[in-house]
Each structure stands twice: as C-alpha cells, then as structure tokens.
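Hi everyone, thanks for coming along. Let me put the structure up on the screen, and then we'll walk through a few places in it together.

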Amino acid sequence: MRDITIKITGKQVYENHEEDQMEFITDGKLYQRNDAVYMIYDESEVSGMEGCKTTLKLSGDTLRMKRIGEGGGGSELYFEKNRRFSSTYDTPYGPMDIEVLTRSVDNHFDMETLSGDIAICYDVSLEGMAEGKNRIEIRVM
C-alpha cells in the first residue's frame, strides 16, 4: 500500500441554479490488485460526508465509488461510459434514490507511476426531483 495525495474537484449544474463547485484535497492510500487500482481516503466537512471512508476502484475506463461510515452509510456509484446505474445513495439529508448516466470516463492514470488524472462527466437524477449534470476530476499525486 502506498501513501498518496488526492485532489477531487466536483462541479454540479442543476436547472435554474448556479453552478456549484467544490474542491477537496486529502491524503489517502493506494494499492493495486489484478488490473485495478484502489484508492482509499477519509471524507471531510468539505464533501459533506465527514466520518465516511471512500474507496475508488479504477479499472480501465470504469470507476466504482463506495462510501461506508457515518453520514454515507453504504453508498455506491458506478461510472462506465453510456451506462446507467441506479442505487440508493445516503446523503447528509437521508437516503435518496439516485440514477446516473455516465457520459464519459477519461482515464489518464499511469499504472507505472501510480499517479495521474481521471475525469468523469455524468447526468444525475435524485428521486426524479432534481436533475443535473456533474463532472468529477480526480488527481492522484
């Protein structure tokens, strides 16, 4: 297992609302298993998920995000280009049904140096009440 620094930038745009952006930098751990890279880090107040541990599994052009702990329960999201994923997502406001449609997963992560960038663009629907377009950029250093 290797120590890493992770920078996550998230942008959200919902109809009739201003663009919302957050940036989060934290230390974490990284390890490889088979053809996948796993990144583990603790969430903070900035993400609204303080008390959660997040695991990112990067495999080719897919990314699975799983959160466990207080404020995030057992939430999981899966991103693969042109694929729809439905789940119940624990938020600070309680559990919500969520559906994501991934538009792109740009993987520029170097398996030799174990660093690089991943960018994900996706549409999201929260219980059919709020729909928006999101972009997550992950930089591993």
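**A look around Asp-123**

Let's start with Asp-123, which is buried, at a relative accessible area of 15%. I call this residue buried because 15% falls under the 20% cut-off. Please keep in mind that we are looking at a predicted model.

Where does Asp-123 sit in the chain? You'll find Asp-123 in strand S9, which covers residues 115–126.

So, which side chains make polar contacts with Asp-123? One is Arg-103, whose side chain is joined to that of Asp-123 by a polar contact of 2.5 Å. Another is Lys-133, where the side-chain polar contact with Asp-123 is 3.3 Å. Leaving aside residues up to four places away in sequence, the residues that Asp-123 touches include Glu-99, Val-100, Leu-101 and Gly-132.

Two of those names come back elsewhere. Val-100 is among the residues with the most contacts inside the largest nonpolar core, which has 34 residues. In soluble globular proteins, nonpolar side chains tend to be buried together. Leu-30 is also on that most-contacts list, as are Met-39 and Phe-109. Looking beyond four places in sequence, Leu-30 touches both Met-39 and Phe-109, and its other contacts include Ile-4, Val-37 and Val-140.

Gly-132 takes us to His-17: their C-alpha atoms are separated by 9.7 Å, though the two residues are 115 apart along the chain. Is His-17 buried or exposed? His-17 counts as exposed, with 57% relative accessibility. This residue lies in the loop between strands S1 (2–14) and S2 (20–33).

Technical notes
Residues numbered from 1 in each chain as written. Predicted model: local features only at pLDDT ≥ 70, side-chain atom pairs only at ≥ 80, totals over all residues. Heavy atoms only, no water. Helix = DSSP H or I, 4+ residues; strand = E, 2+ residues; numbered from the N terminus. Buried < 20%, exposed > 50% of the residue type's maximum accessible area, 1.4 Å probe, protein only. Polar contact = N/O pair within 3.5 Å; in protein donor to acceptor, adjacent residues only side chain to side chain. Contact = heavy atoms within 4.5 Å. Core = buried A, V, L, I, M, F, W, Y, C linked by side-chain atoms within 4.5 Å.
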